[in-house]
Amino acid sequence: MELAFVIEKVVLVTLIFVVTLVIAMYSTLAERKVAGFMQDRFGPDRAGPFGILQPLCDGGKFFFKEEIIPAGAHKSLFILGPTIAIITACIGSAVIPWGQSLTIGDRVIELQVTDVNIGVLYMFGVVALGVYGIMLGGWASNNKFSLMGAVRAASQSISYELAMGLALIALLMVTQTLSLKEIVEQQSGFVNWNIWVQPLGFLIFLVCAFAECNRVPFDLPECETELIGGYNLEYSSMKLGLYMFSEYINMFVSSALMATLYFGGYNFPFMYDLGLSQNWITIIGVIVFFAKIFAFIFFFMWIRWTLPRFRYDQLMNLGWKVLIPLAIANIVLTGVITIINDTFF
Amino acid sequence: MVGGNDMQSLSNRKKVFEQKPMGFWERIYLPAIFKGLSITIKHFFKPIPTVRYPEVERPYSKNFRGQHSLKRDEEGRERCTACGLCALSCPAEAITMIAAERQKGEEHLYREEKYAAVYEINMLRCIFCGLCEEACPKEAIYLDGPHVTADYLRKDFIYGKDKLVEPRFDYKEKHEPTA
Ligand code: SF4
Ligand code: SF4
């Protein structure tokens, strides 16, 4: 491994890390702003112009709060909970292709940390790991409500991971590859986006993504009204901050994943017809990709301030009796259409 | 039987609520979700009625009753004669005072022979009804000030004469040169 390669990757990882954290930070502000506008008010606007310093104030406040570990809590697991939550949230972005390659001098720099050929599986594994943070935290708190939240999180993520996986299988039948880079490359232009061939799959994936991120209307693990905060009830100070932060990072990563899988990633219409040089296509592609991600994040927030929370039995009904059969039907449908396509056209 | 379900509706606005099982479109939630989303996005672009208070102030109504002020007459003397009618009329028992007799040489300070040496209104008790203003025979008290602002301690809400008596805008010209 040559040195330049290592430096290149380290810089890229650091950059992605910083961007992820900054976006997560400003998602907290955006969330409150969106909530404000949707409720006919301004949202926070006192800290700096338009409230842009608000996330810093919130972060600072978290650091200065008293750190409490309950007497009956399992100390090491209690600390491990938010750690796992934040780490799994952050490592998901490793396989996402942020753009094509940049050519600087005679070096070609890929804007993706690693193009593992099982990118989709890796992503899936990381998402599944994320629930351990919540479970450990909820169990280690030694509090009935926290435990209840943890149990809910576990069963919810198992139920929805199934449907998510099945939706992905239908997608993989179309793309024939597990590498995210190749999936994006296949979708160049506009008409090749996977959303046009897998609309139902996307819908299922979207619903499951909401459930996996514990966002409204599936935020039952933290459900303020019944569980007074659920798994993070006993957490204070920056540990609580990490939990909340990981929720926003998850939201960012799953937005990126949805944009990658279904909305063409960094591809934009007419990207090869405008006569741009490769570097410019890459740069515009990255911008377009982030625009798609922000659109998804906005959609997450939009849903949050529109829908009420599901009841737990409704959640389970939706997961097992609606989404999984639908996803299976989608697989069958995709298979049939593929065969018809192959034999007749 | 009086009341109950068979009671006659007098207004004809009675609606019988039946719980029907959800239809197909209701069960797949999506139409309702889109409807909800369209409502929230409409609000997203609506003009916001918020008044950014410390920077922008909404005009007060003409008969707004705010913080009390104890008035002076045209020569800058306090009008209040400590008759106690305001305190008597106050339904919230917010006003107390200690009267004192005007000494020789104080004629430029107090208009009447008796004046309020201490005059206190407890702003936490006051309900801003304006009865004190109505009761005063000397036109000495008016609720023409701004809002009573928030504070940290209860004792700071008891406003004394230092906060209530209106500033003596012509004091300098009339009295300071001679004093
Ligand atoms: S406004 Fe009413 S409640 Fe307040 S001091 Fe005057 S009489 Fe009392
Ligand atoms: S304010 Fe008016 S009513 Fe009250 S004590 Fe003074 S003169 Fe009397």
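Contact here means heavy atoms within 4.5 Å. The legends below describe a predicted model.

**Figure 1. The interface of chain A and chain B.** In this view, 19 residues of chain A are in contact with 16 residues of chain B. The area buried between chain A and chain B is about 1,600 Å², and carbon and sulfur atoms give 70% of that area. Six residue pairs in polar contact are found across the interface, with both residues of each pair at pLDDT 80 or more. On the side of chain A that touches chain B, α1, α11 (278-304) and α12 (312-344) of chain A each supply at least two residues. Helix α11(A) gives the most to this side, with four residues.

**Figure 2. A salt bridge between Arg52(B) and Asp45(A).** Two salt bridges are found across the interface of chain A and chain B. One of them joins Arg52(B) to Asp45(A), with the closest N and O atoms 2.2 Å apart.

**Figure 3. The salt bridge of Glu31(A) and Arg304(A) within a network in chain A.** The closest N and O atoms of Glu31(A) and Arg304(A) are 3.1 Å apart in this salt bridge. The pair links distant parts of the chain, as Glu31(A) belongs to helix α1 of chain A and Arg304(A) to helix α11 of chain A, 273 residues apart. Glu31(A) has a relative accessible area of 2% and is therefore buried. Arg304(A), with a relative accessible area of 24%, is partly exposed. Together with Arg215(A) and Glu247(A), both residues are linked in a network of salt bridges. Over all chains, a search of the whole structure finds 18 salt bridges.

**Figure 4. The positive phi of Asn142(A).** Most residues other than glycine have a negative phi. Asn142(A) is not a glycine, yet its phi is positive, at about 55°. Asn142(A) is located in the loop between α4 and α5 (144-175) of chain A. Its relative accessibility is 52%, so Asn142(A) counts as exposed.

**Figure 5. The positive phi of Glu139(B).** In chain B, Glu139(B) is a residue other than glycine with a positive phi, near 50°. The loop that holds Glu139(B) runs between α4 (131-135) and β4 (141-142) of chain B. Glu139(B) has a relative accessible area of 48% and is partly exposed, because the exposed class requires over 50%.

**Figure 6. The surroundings of Gly160(B).** Gly160(B) occupies the loop between β5 (158-159) and α5 (161-164) of chain B. Its relative accessibility of 13% places Gly160(B) among residues that count as buried, since the cut-off for that class is under 20%. When residues up to four places away in sequence are not counted, Gly160(B) touches Tyr119(B) and Glu120(B). Tyr110(B) is 50 residues from Gly160(B) in sequence, and their C-alpha atoms are 17 Å apart in space.

**Figure 7. Two salt bridges of chain B.** Arg77(B) and Asp73(B) form a salt bridge in which the closest N and O atoms are 3.1 Å apart. Both of these residues are buried. In the second pair, the side chains of Asp156(B) and Lys155(B) meet at 3.3 Å, N to O. Asp156(B) counts as partly exposed, at 24% relative accessibility, whereas Lys155(B) is exposed, with a relative accessible area of 57%.

**Figure 8. The elements and surface of chain B.** Chain B contains six helices and five strands. Along the sequence, these follow the pattern α-α-β-α-β-β-α-β-β-α-α. Of its 179 residues, 31% count as buried. Among contacts in chain B between residues at least 6 apart in sequence, 71% join residues at least 24 apart. Chain B exposes about 13,600 Å², with carbon and sulfur atoms supplying 56% of this area.

Technical notes: Residues numbered from 1 in each chain as written. Chains lettered and ligands numbered in written order. Heavy atoms only, no water. Buried < 20%, exposed > 50% of the residue type's maximum accessible area, 1.4 Å probe, protein only. Areas by Shrake-Rupley, 256 points an atom, 1.4 Å probe, with all protein chains shown as cover. Buried area = accessible area lost by both parts, 1.4 Å probe. Salt bridge = Lys/Arg side-chain N within 4 Å of Asp/Glu carboxyl O. Polar contact = N/O pair within 3.5 Å; in protein donor to acceptor, adjacent residues only side chain to side chain.
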